[in-house]
Amino acid sequence: MGQGTQALRLARAGHTVTGLEADPGLLKAARDSLATEPAGIRERVRLIEGDGRETGVHFLPGSFDVVLCHGVLMYADEPDALLAGLARMLAPGGLFSLVVRNAEALAMRPGLAGDWSGALAGFESDVYTDDHGTKVRADRLDALTSTLAGIAAPLHAWYGVRVFTDGVPAEAGLPAADELDRLLSAEERAGRTDPYRRLAAMLHLCGVRG
């Protein structure tokens, strides 16, 4: 769950949340953030130090209605084991939400920036350099579709994320409210519409437990 940003947002929205994180530093950051929340929110959150490949140590099968794995798979040495460990926690009919880097669009960011060598390399690669300078893996929709079927959480729907805004630097900040509304509307529509969603920097896959 990293530093717990999404976990806290879900708790604020009224959900009961369990966060699993293997890195002690990130877990501490999440606990520090949680400590500043009102008591009602703190009571809805449980934070556990652990590895997604070893969910059987902490949870019974079918323990959760929703399992999120967002921005994690690219750092996993054993992605299939991680996905299988997470999927076993889903109750029947439960939702598996997965956000990954799109290997089929790795040429887009360098190409739009005029880095033609990087663009050409991106066509043949399943590896990219993240914003922290770390080389990590990307995934392909067809391969993940097969994986989700194999772990009994077959693909129900998928979306593109950051179709138009992937190249915007983080330090640019947010635009004015009206422009931000239009930007988000454009991104959401593109993320649901072919062929745009296939060009997105990230893919959001939703599997449902049979």
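**Exercise 1. Identify the residues of the nonpolar surface patch that includes L68, and classify L68 by accessibility.**

Solution. 
1. V66, L68 and L95 make up a nonpolar patch on the surface, and together they have about 210 Å² of accessible area. The model is a predicted one.
2. L68 belongs to strand β3, which covers residues 64-70.
3. The relative accessibility of L68 is 38%, so L68 counts as partly exposed.

**Exercise 2. State how many salt bridges the model has, then describe the one between E37 and R12.**

Solution. 
1. The criterion is a side-chain nitrogen of Lys or Arg within 4 Å of a carboxyl oxygen of Asp or Glu. By this rule there are 12 salt bridges.
2. For E37 and R12, the closest N and O atoms are 2.6 Å apart.
3. The pair links distant parts of the chain, 25 residues apart: E37 is in the loop between α2 (24-35) and α3 (39-42), while R12 is in helix α1 (residues 5-12).
4. E37 has a relative accessible area of 10% and is therefore buried.
5. R12 has a relative accessible area of 46% and is therefore partly exposed.

**Exercise 3. Work out the salt bridges that D166 forms with R101 and with R109, and name the network they belong to.**

Solution. 
1. Take R101 first. Its side chain meets that of D166 in a salt bridge, at 3.5 Å from N to O.
2. R101 is in strand β4 (residues 90-101) and D166 is in the loop between β7 (155-161) and α8 (177-192), so this pair ties together parts that are 65 residues apart in sequence.
3. Both R101 and D166 are buried.
4. Next comes R109. D166 forms a salt bridge with R109, and the closest N and O atoms are 2.8 Å apart.
5. R109 lies in helix α5 (residues 108-112) and D166 in the loop between β7 and α8, so the pair ties together parts that are 57 residues apart in sequence.
6. D166 is buried because its relative accessible area is 11%. R109, at 28% relative accessibility, counts as partly exposed.
7. Salt bridges with shared partners join R101, R109, R162 and D166 into one network.

**Exercise 4. Count the disulfides, and account for C69 and C206.**

Solution. 
1. A disulfide is a covalent bond between the sulfur atoms of two cysteines.
2. The cut-off is a pair of cysteine sulfur atoms within 2.5 Å. By this rule the count is zero.
3. C69 takes part in no disulfide: the nearest cysteine sulfur belongs to C206 and is 13 Å away.
4. C69 counts as buried, because its relative accessibility is 4%.
5. C206 is likewise in no disulfide, and the nearest cysteine sulfur to C206 is that of C69, 13 Å away.
6. C206 is also buried, with a relative accessible area of 9%.

Conventions. Residues are numbered from 1 along each chain as its sequence is written. This is a predicted model: local features need pLDDT of at least 70, side-chain atom pairs count only at pLDDT 80 or more; totals for chains, interfaces and linings use all residues. Side-chain values use heavy atoms; hydrogens and water are left out. Patches are made of residues with over 30% relative accessible area and no salt bridge: like charges are joined within 9 Å, nonpolar side chains (Val, Leu, Ile, Met, Phe, Trp, Tyr) within 5 Å. Accessible areas come from the Shrake-Rupley method with a 1.4 Å probe; for residues, only the protein chains shown count as cover. Helices (H or I, at least four residues) and strands (E, at least two) are DSSP runs, numbered from the N terminus. Buried means under 20% relative accessible area, exposed over 50%, partly exposed in between (1.4 Å probe, protein chains only).
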